[in-house]
Amino acid sequence: MDKILVVSSLSRGTEVLTSYLEGDAYSLQYAASGGEARRRLLEESFSLVIILAPLKDESGISLAEDAAGGTAGILLAVKAGEQEELAHRLTGHGIFVYSFSMGKRMFEYAAQLLLAVHRRLEASLPQKEKMERRVEDIRIVNRAKCLLIQYLHLSEEEAHRLIEKQAMDKRKTKREVAEEILRHYEIE
């Protein structure tokens, strides 16, 4: 179930937006100010954040920009006259700028699109973490090779082969062998 945070200082705007999201597919939560929304965003993750600007404590634009740093889709609802200028400015941040003059159908389409993008971003996080782990493994192995070159006067190729051979002989990963080498030589 997709968690949606609706941020609005106006009860009428909240009612209208909520009516656009009818159904059991969503878990709707509410915040009445930018400060409250920021706290909620720190405590929980949401699939979609809908901001009805302006808010009682801010314009809502900086909240939208801050929220765009995560994986949630961001929909900023503004007055009709402001939509075009803000859309030009905020689209690069991944923020969809909506005006009520665009109609219910456009809102539903935008919400579905933003939820799809959120799901895609969420799915890519494990791959990103795996790649970051690989990069860290390479850094550790390279630091160990540098120590072997420095202290044992090996060539880079010989240091690499030594780490690989120890990993096979000890049935450990190259990273584990490299960490042992780092502990051994960094003590001295």
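Two strands are taken to pair if DSSP finds at least two bridges between them. Helices (H or I, at least four residues) and strands (E, at least two) are DSSP runs, numbered from the N terminus. This is a predicted model, in which local features need pLDDT of at least 70 and side-chain atom pairs count only at pLDDT 80 or more, while totals for chains, interfaces and linings use all residues. Residues are numbered from 1 along each chain as its sequence is written, and side-chain values use heavy atoms, with hydrogens and water left out.

In β4, Ile 74 is the residue opposite Val 49, and Leu 75 is the bridge partner of Ile 50. Strand β4 covers residues 73-78 and runs parallel to β3, the two being joined by 5 bridges. To get from β3 to β4 the chain passes through helix α3 (residues 61-67), and this β-α-β crossover is right-handed. Right-handed here means that, with the strands pointing away from the viewer, the path from the first strand over the helix to the second runs clockwise.

Strand β3 also pairs with β1 (residues 2-8), again in the parallel sense and over 5 bridges. Val 6 is the residue that stands opposite Ile 50 of β3.

The whole sheet is open and has 5 strands in the order β2-β1-β3-β4-β5, with parallel pairing. At its edges are β2 (26-31) and β5 (95-99), each of which pairs on one side only. From one strand to the next the twist averages 20 degrees. Helix α4 (residues 80-90) packs on the sheet, touching β4 and β5, and its direction makes about 170 degrees with that of β5. Helix α5 (residues 103-152) packs on the sheet as well, touching β1, β2, β3, β4 and β5, with its direction at about 170 degrees to that of β5. Axes are lines fitted to C-alpha atoms, for helices over the stretch in contact, and angles run from 0 to 180 degrees between N-to-C directions. Contact means heavy atoms within 4.5 Å.

The aromatic rings come next. Rings of Phe, Tyr and Trp (its six-membered ring) pair if their centres lie within 6.5 Å; planes under 30 degrees apart count as stacked, over 60 as edge-to-face and the rest as tilted. The whole structure holds 4 aromatic pairs. One of them joins Tyr 98 and Phe 100, edge-to-face, at 5.7 Å centre to centre with 75 degrees between the planes. Tyr 98 has 0% relative accessibility and so counts as buried, whereas Phe 100 is partly exposed at 33%. Tyr 98 and Phe 107 have ring centres 5.3 Å apart and planes at 70 degrees, so this pair is edge-to-face. Phe 107 is buried, as is Tyr 98. Ring pairs link Tyr 20, Tyr 98, Phe 100 and Phe 107 into a cluster.

Finally, Ser 33 sits in the loop between β2 and α2 (34-43). Its relative accessibility is 10%, so Ser 33 counts as buried. Beyond neighbours within four places in sequence, Ser 33 is in contact with Val 7, Leu 55, Lys 56 and Asp 57.

Methods. Buried means under 20% relative accessible area, exposed over 50%, partly exposed in between (1.4 Å probe, protein chains only).
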